[in-house]
Amino acid sequence: MTRPEWHISDGLVPYDEALETMEARVGDIRAGRAGEFIWLLEHPPLYTAGTSARTADLLQPMRFPVHAAGRGGQYTYHGPGQRVVYAMLDLRRRRQDVRRFVFDLEEWTIRTLARFNVRAERRAGRVGVWVARDGGQREDKIAAIGVRIRHWVSFHGLSINLEPDLSHYAGIVPCGIADHGVTSLVDLGLPVTMTDLDMALAETFDEVFGPLGEQANPVAVLSEAKDLRPATPSVVVP
């Protein structure tokens, strides 16, 4: 199987622009005009509402822009210091199983975080990835999962908290779960850089989703992703 194209955007990508880019790429993948695509980026501070979002969970509607995402899930936050990973994969060529795809996104996240000696885990009834704190007395969310699948081509994906402003989550009930908090790699005391995180994502993708092809070396993957960056960093060349 040919490996997906990887792209890293510098700067902060406006959310509407990201949606437009994903929609176009998904259409091209479905039509056979383009291959699979992994997009690594950051957004300016904003909230997104999934298809199950409850109005009552938007606690501060005027704090940041609110976008209807069209993905599954409820409210979540995106902002600087958070690595957003949009995975546009052709499940017709992989496995047409929505539950397994979500499981694999979680597994990809868990293995990525394990590269930094973080024991991240799933929890029944709570989509996303969680970290136990204070000797197991509490659990905080470190990564969110939210996807949409159209004609068996996926888009949206996951977000991992590297060093976002965690106070920004106060404007929502993250993913509709009020009984647990949020954390980040830096909040856990780990001086991880975005480049470190990107490298870990590239290393673990192959483990979960299968062969990337002949050039599966993660350094080569990310180097090529840098080379693909267009003149305007937030615009992806199809």
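Just after helix H1, Gly32 takes a positive phi of about 80°. This value, like every other in this briefing, comes from a predicted model. Helix H1 itself covers residues 15–31.

**Helix H1**

- The buried residues of H1 are Tyr15, Ala18, Leu19, Thr21, Met22, Arg25, Val26, Asp28 and Ile29.

**The open sheet E4-E3-E5**

- Three strands form an open sheet in the order E4-E3-E5, and their pairing is mixed.
- Strand E4 (66–68) and strand E5 are the edge strands; each has a single partner, and therefore one side of each is left without a neighbour in the sheet.
- From one strand to the next, the twist averages 30°.
- Strand E3 (residues 46–49) pairs with E4 in the parallel sense over three bridges.
- Within this part of the structure, Ala49 stands opposite Ala68 in E4.

**Strand E6 and its partners**

- Strands of a sheet pair through backbone hydrogen bonds, in either a parallel or an antiparallel sense.
- Strand E2 (residues 37–42) is joined to E6 by five bridges, and the two run antiparallel.
- Phe37 stands opposite Met88 in E6.
- E6 is also joined to E10 by five bridges, again with the strands running antiparallel.
- Tyr86 stands opposite Gly157 in E10.
- Seven of the seven residues of E6 are buried, so this strand is largely enclosed by the rest of the structure.
- Both faces of E6 are covered: Gln82, Val84, Tyr86 and Met88 are buried on one side, and Arg83, Val85 and Ala87 are buried on the other.

**The largest pocket**

- The volume of the largest pocket is about 380 Å³.
- Its lining consists of 26 residues, and those that lie nearest the centre are Gly72, Gly73, Val127, Ile145 and Gly146.
- Two or more lining residues come from each of strands E5 (75–78), E6 (82–88), E8 (126–133), E9 (138–150) and E10 (153–161).
- E9 gives the most to this lining, with five residues.
- By class, the lining of the largest pocket divides into twelve nonpolar, eleven polar and three charged residues.

**The two cavities**

- Across the whole structure, a search finds two cavities of 30 Å³ or more.
- The largest cavity holds about 70 Å³ of space.
- Residues lining the largest cavity include Thr76, Gln82, Lys141, Ile142, Ala143, Ala144, Ser159 and Asn161. Also in this lining are Tyr169, Pro174, Cys175 and Val182.
- E9 and E10 each supply at least two residues of the lining of the largest cavity, and E9 gives the most, with four.
- Seven nonpolar, four polar and one charged residues make up the lining of the largest cavity.
- The second largest cavity has a volume of about 30 Å³.
- Its lining is formed by Trp130, Lys141, Pro174, Ile177, His180, Gly181 and Val182.
- In the second largest cavity, four of the lining residues are nonpolar, two are polar and one is charged.

Note on methods. Residues are numbered from 1 along each chain as its sequence is written. This is a predicted model: local features need pLDDT of at least 70, side-chain atom pairs count only at pLDDT 80 or more; totals for chains, interfaces and linings use all residues. Side-chain values use heavy atoms; hydrogens and water are left out. On a 1 Å grid over the protein atoms alone, a cavity is a set of points where a 1.4 Å probe fits but cannot get out, and a pocket is an open set with protein on both sides within 12 Å along at least five of seven lines; lining residues have an atom within 4 Å of a point. Grid points are joined across faces, edges and corners, and a volume is the space filled by probe spheres set on the points. Ala, Val, Leu, Ile, Met, Phe, Trp, Tyr, Cys and Pro count as nonpolar, Asp, Glu, Lys and Arg as charged, and the others, Gly among them, as polar. The expected span of a helix is 1.5 Å times one less than its number of residues. Buried means under 20% relative accessible area, exposed over 50%, partly exposed in between (1.4 Å probe, protein chains only). Two strands pair if DSSP finds at least two bridges between them. Axes are lines fitted to C-alpha atoms, for helices over the stretch in contact, and angles run from 0 to 180 degrees between N-to-C directions.
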